Amino acid sequence: MKAKKTLAAVAAAIMTVSVASASVFAIDYSVPTYTGGVPYDPTIVRTSSSAPAPALVTPIFGEKDDDEAASRKKTITAADVKKAVKDGSAIGIPAAGAVINKAAVSELAKADAPVSFKNADGSSFSVDPASVKSAKSTDIGFRIEYDEDSIYIYPIGSGDYGFDVNVTINIDQIPEKLDVASARLYHITDSAVEDMGGVNATETGISVTISTRSYYRITGASIEDVSAGAGVNGDGVNV
């Protein structure tokens, strides 16, 4: 009984010190907080000195191992491509994207039909063997976002792929106000907007073909409106 009372007294003392420390922490120091975004590329800001301290029992940045796991890109090898070709299956791409190595690109070129890939968000893409121009290791994968009348495709990496990538958006992901019949693909860079033409529509969705990065917008808007939103003039040239 005496031992229990002693432990209770110690616990009470620790709680008192912890509460007092938290109050001083909140008043006297700026507190680093995690504002969200991609786990492997967090944005850090500092709150004002009057802001309350975060819960002391919750790690501000989460578990380090989880962040590191989320940031690791998958490496697609020649064996992965061979298996996909043999099974007629799609190669999975995690949210962090993937790197397809040189040997794997060489296998793509040998395939007798387009090789399929599936993004973590359910969208998919394929590579036609006939389009492979050079075998090099490159980043591959996309972040795809939507608003009420547009689809935005943000490829991972930069520069040319060395092959054509056919990106497919499932029909249930197409924004309600996007008129597929008039929709066009725009390639948007730091200095220009390029009209890439209309989209290919099927019973299951729409698809577009790209061969280089920067970012893309699928919309029924005119190039003048897209250019204005991107900060370039009506001809698609930077102003």
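Asp 195 comes out as partly exposed at 33% relative accessibility, where partly exposed is the band between buried (under 20% relative accessible area) and exposed (over 50%), using a 1.4 Å probe and protein chains only. Its partner is Arg 184: the two form a salt bridge whose closest N and O atoms sit 2.9 Å apart. Salt bridge here means a side-chain nitrogen of Lys or Arg within 4 Å of a carboxyl oxygen of Asp or Glu. Arg 184 belongs to strand β12 and Asp 195 to strand β13 (residues 193-198), so this pair ties together parts that are 11 residues apart in sequence. Arg 184, at 32% relative accessibility, is partly exposed too.

A word on the ground rules: this is a predicted model, with local features needing pLDDT of at least 70 and side-chain atom pairs counting only at pLDDT 80 or more, while totals for chains, interfaces and linings use all residues. Residues are numbered from 1 along each chain as its sequence is written, and side-chain values use heavy atoms, with hydrogens and water left out.

The salt-bridge rule gives a count of seven. Among them is the pair of Lys 83 and Asp 87, with 2.8 Å between the closest N and O atoms. Both residues are in helix α3 (residues 78-87), and because they are four residues apart there, about one helical turn separates them. Lys 83 counts as exposed, its relative accessibility being 53%; Asp 87 has 44% and counts as partly exposed.

Another of the seven links Lys 177 to Glu 148, and here the closest N and O atoms are 3.5 Å apart. This one runs from loop to loop: Lys 177 is in the loop between β11 (160-170) and β12 (184-188), Glu 148 in the loop between β9 (142-146) and β10 (150-155), so the pair ties together parts that are 29 residues apart in sequence. Lys 177 and Glu 148 are both exposed.

The chain has 239 residues, and 31% of them count as buried. Taking contacts (heavy atoms within 4.5 Å) with a separation of 6 or more, 63% come from residues 24 or more positions apart. As for the surface, the chain exposes about 13,700 Å², with carbon and sulfur atoms supplying 54% of that; the areas come from the Shrake-Rupley method with a 1.4 Å probe, and for residues only the protein chains shown count as cover.

Key:
Helix = DSSP H or I, 4+ residues; strand = E, 2+ residues; numbered from the N terminus.
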